[in-house]
Amino acid sequence: MQSRLGLKPGTPPLVALRGVAKYFPGVIANEDVNLAIYPGEIHALLGENGAGKSTLMNILTGIYQADAGEIVVDGETMAFASPVEAIAAGIGMVHQHFKLVQAFTVAENVHLGWSQTPARISARDLEARTLKLSQDLGLAVTPGARVSDLSTGEQQRVEILRVLSRDARVLILDEPTAVLTPAEAQELFVALRAFTARGNAVIFISHKLDEVMEIANRVTILRGGRKVATEWTENCSEKGLAQMMVGREIVLNTLRGRPEGAGIGAPVLELRDVSLNAGDLSLLKNINLTLHAGEVLGIAGVAGNGQRELSHLLTGMSTPSEGAVLLEGQDVSRSGARAMAQAGVGHIPEDRLHAGMAPALPITDNAVLREYDRAPLAKGPWYLPRQAFHLAREIAKIAEVAVPDFAMPARNLSGGNQQRLVARREMRIADKVLIAAYPSRGLDVGAINTMMRYFVELRDSGVAVVLISEELEELMNLADRIAVMFHGEIMGILPAEGVDIDEIGLMMGGRRAA
Amino acid sequence: MISTKELSRRGFLNMGAAAGAGLVLSQTGLIRPAHAAAPLAPVKAEEALIAFGHTGPTSDEGWTWAHDQGMKAVEAAFPGIKTTYVESIPYSADATRIFRQFVSQGANMVFATSNYGDFLYDVAKRAPKVGFYECDGRNPLDNLGTYYVQHWYPTYVAGIAAGAMSPTGKLGYVASFPVPSVYSGTNAFLMGARTVNPNATLQCISINSWFDPQAATQAGTALLDNGCDVLFGIMDEAGYLQVAQDRGKKAVMWNTDLRRYGPDAYISSIVVNFNDFYVKQVGRRLEGSWTPTYELLPMGGGVDRDAWGATVPAEVAAKADAVRTKMMTEGYSPFVGEIKDAKGNIKVAKGQTMTEQELYHWNWSIEGVSGLDG
Amino acid sequence: MSTWRLQRLPAASPLVSLSARLISVVLALVTAGIILAATGKNPLDLGAQVISSTFGSSFGMADLALLFTPLLYTGLAVAVGLRIGVWNIGAEGQFNLGAFAAAGVALFLPGPPALILPLMAVMGMAAGALWILIPTLARAYADVSELITTLLMNFVAALLVTYVATGPWLDPSGMALATTARLPVEVPAVWDIVHWGLPVGLILAVLLAVAFGFTRWGYEVRIGGSNPGNARYAGMPVRRHLITVMLVSGAIAGLGGMMEVAGTVHRLQGGISNNFGYIGIMVAVLARAAPLGVIFTALLMAVILNGGIILQPQGLTTQTVLAVTGLILFYAAIGDEFARYRLIRNAKPAGTR
């Protein structure tokens, strides 16, 4: 096997995990996991949400300590009490959420908390050192730039530089492309290949199958905390990997097919010449949009081009500066979020933890957020906890979320379960419209499929669904029409059937529809 | 967050019409209740518990220390007697709790060494079998007496020495609050000084505390900076004496002999001694003859000037002591009209002598005293 | 060979946290006992005396109730704020202001007690609410942390009360007692010297528990306090609830001040708040902001503070007692953290198999 990586036979792995287990109360996070990472390889770690990828990597980097098993680095058994010890042994990790100080420069961030940083050094020397490191390691950064001024991709590069400058030989990346544009992702891949070419290794956590196929030499699939298999990617297909990951076959094809009698109906929600300004800043410009009952409207675009503002307008969370929002012909521009919800507009927000839920509160409180103020939960000014519990149980049941204790804080649920709960909660009230912002973000293939099934179900019952997503494939499978946003404007609305993906790409970059 | 302690000590006094109506004040300072209360039943010394509630720490070397000496005198006079005390009792509802706790513990007699007003009164009313005394108190009950000292006489005597030893005639006073103890102190002191230095004046700074060495030191410094050369005050410690010593000025103190803190600056002190009073009242309580009394201990019988300091010239001491002797042997009072207040109004008519009650309740500054009113 | 280690749980079970609370109190008392023993006192004797003096006599029970009452109000005031994520450090000042306003009504407004007492209560609550108004508006409209603003208002309140009590409102019949005159009306007693402030406070705790647990308003406050973003998403009037809750918090502290001045102290004086506002923070934190829990933690604090008074004739200082209360909070914080862990036994490392 070593020879296939171009290594001498008998070359030991850079790092190996043997029989690693980690238990949380009532949960097997990892059990009996064996993994060997050899010099020169990019090793993908694939698995659904909650499959145990993060826990395993947290053990490897000293954030958690294994309950059983051992870590072998260069043939020596190690126990890392902290990430500092792991990095000293040459194992470094770049997390999904960067740990950079926004107000500091790139050079300062790279040198922060590093034993090799001289005690006294001028900013110019610090930047010179950073430039040298950046050239040596093949990661182009601007040492004097402030981190808050950098794009996400550049920030990630700083993070990687920070880790590599500590002489890391094994670099762990947790879903690194989730925050990158396709071009940035390609740049990253180039840098990773260069890094492994020097005899180092990369562990690449992802659930994007195409990416794994593209970049990784080998792939290890985790499911339910256990290792399913380790394979050469050349021997795999995306479909095969997906099956191993979820343990069942998934369908990646159009969901536009409708049952008898279900079709696109009358207009429900309409935006007329809507603009939204914040001070001098124009967030949305002249949006005209008509949403029909029983259709799925996809909103494509690079995140941050007005999608969030649009979803807030559609759900009453903000009021347009100009123009009007009409719900079944009624002007609801100033109705507010509660009235919109009561009128039958559901909203799966893009940010579950900050908007969609109160993570510290019991599951019951979170489940009844849309119905606490109506019968049978409310009676005059009163709120009836017993009825709330019944409703929460009902929602958990249809969402297929197993809840051991409804008094438990919602944050104890996995991300997928939280999302399913929120989705089901919103679907219950979405008689007319459902706005779903990035509903599949951070979810695994299985959870995404469930979510799409929900939308189909809703659409077929005559509800208008707005699906805001960055996953073009998702939009093309589900949406009837796709609107593309750029700089707060709609570049055009295309029928999804047979759409040219290149055209959408161009519109995402600012070109108007022909 | 304002400490309740600073509002607590002995100085608070009310001349309520209700309180005054039932009282007759004799020339010796003894006040008697309008009707005779039945004496409390006798107690054996070995079974008796005497409790003291103090406003400050017994280690203050001043007021509370003096009362603590009184407790020790009681212990010596009645072998086997049990005593208990609590220091630094705030002037708040906590005081009530502590006095009630004394009663719960079975105290036969409770001495509050400061004016705790309602906080003591409410407890005494509910514990008729316990004898209570309140220093500087005013509300009498059948089982609640009051006691205080006629400190204005020795203060006047010390004022004579101060006036003689002040080249500038500018006296300084470190005050706590504008209360009668302070008014009678400033006024008597300046009146004494004016007998030898008719143009003498007295400047006050109130520090809103009875025990705050740092604030007292700062106030003393400020007064000296303003040109004062003799300091007086009503503090429980020696802070401003040390300032006077360091700056080569003079000072008159309160409560106890503090000359070791400023041997050159020390003129005298208004020393108090409650030992005899406590022994006598505890004795009456034990033998079963105790009914409350309302006393102002006279000069020589609980309050006096301390032995003169080392730097006080013999002729100054002699001049002041002559007045003291006249007071003690002839009942001489210098507090005779005409006396004007700080605004120039005549408050005591010419030839009229202030009564002890008026002196006890003095609440205005005489002409020449600044910094207390308004 | 096996090793023991601590494992962190995602959430503490209620039973475990409750036991952790109890253990922390016991540990604090044991620690205090060891310190006392080291200074040559017998902690068991002292403990027995505290218990017999507190619970063994009607005097002790009444004293306890009088300490319990103000702590109940300030504890509830702080707990109410915490429900919407607000740290009302200013209960001390609101308590002072409530006492000030109530005393003002009693001193200067003649009338039958049946009329004056309710007016005093209303004015006390209004004054408490007024005293938190600026921090409330600053928090609601400018997102200024209430921690500092409410704290600063305390100093102003304390100085104001001391000023009026030793200045303009000084007992007019006399001249020197640094308080106002005795208030002509008082909160009637229910038993011995225990006044109606106690049952009213208990009723208030129950009402608040009902309001938070069984009303739509309470649900919205819960969501808004836990995650304002979530409340805005659901279209709840977060700002309005924030303002209401903070004003209610101030009003409760103000009512506590009214009860204290009209039921216990009977005169307005500097320092009437007696740190009840600050101890109320401890009461609310120990109760985890649950109104019914405040009843128990306020009682616990009252027992400790009263114990301190009982022990003072034994030569124990107030500082020692405050140290014990500090210890309890300290251990409770540790206990809370430990309740989130469990002890597990590691098997022999698998790699050596």
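Me: Are helices H4(A) and H5(A) roughly parallel or roughly perpendicular to each other?

Reply: In this predicted model, helix H4 (residues 123-137) of chain A and helix H5 (residues 152-165) of chain A pack with their axes 10 Å apart and at an angle of about 90 degrees. Angles of 65 to 115 degrees count as roughly perpendicular. The two helices, H4(A) and H5(A), are therefore roughly perpendicular to each other.

Me: Which residues of H5(A) make the contact with H4(A)?

Reply: By class, this contact has 4 nonpolar, 2 polar and no charged residues. From H4(A) come A:Leu133, A:Ser134 and A:Leu137, while the residues on the side of H5(A) are A:Leu161, A:Leu164 and A:Ser165.

Me: How many nonpolar residues are in the contact of H8(C) with H13(C)?

Reply: Helix H8 (residues 197-214) of chain C packs on helix H13 (residues 291-311) of chain C at an angle of about 145 degrees, with the axes 7 Å apart. H8(C) contributes C:Leu202, C:Ala205, C:Leu208, C:Ala209 and C:Phe212, and H13(C) contributes C:Pro291, C:Leu292, C:Val294 and C:Ile295. Among these residues there are no polar and no charged ones, and the number of nonpolar residues is 9.

Me: How many residues are nonpolar on the side of chain A that touches chain C?

Reply: The contact takes 26 residues from chain C and 35 residues from chain A. Elements of chain A that give two or more residues to this side include strand E1 (15-24), strand E4 (68-73) and helix H10 (337-342). On this side of chain A, 8 residues are polar and 6 charged, and the number of nonpolar residues is 21.

Terms used
Residues numbered from 1 in each chain as written. Chains lettered and ligands numbered in written order. Predicted model: local features only at pLDDT ≥ 70, side-chain atom pairs only at ≥ 80, totals over all residues. Contact = placed C-beta atoms within 7 Å. Helix = DSSP H or I, 4+ residues; strand = E, 2+ residues; numbered from the N terminus. Nonpolar A, V, L, I, M, F, W, Y, C, P; charged D, E, K, R; others polar. Axes fitted to C-alpha atoms, helices over the stretch in contact; angles between N-to-C directions. Parallel < 35°, antiparallel > 145°, perpendicular 65-115°, else oblique.
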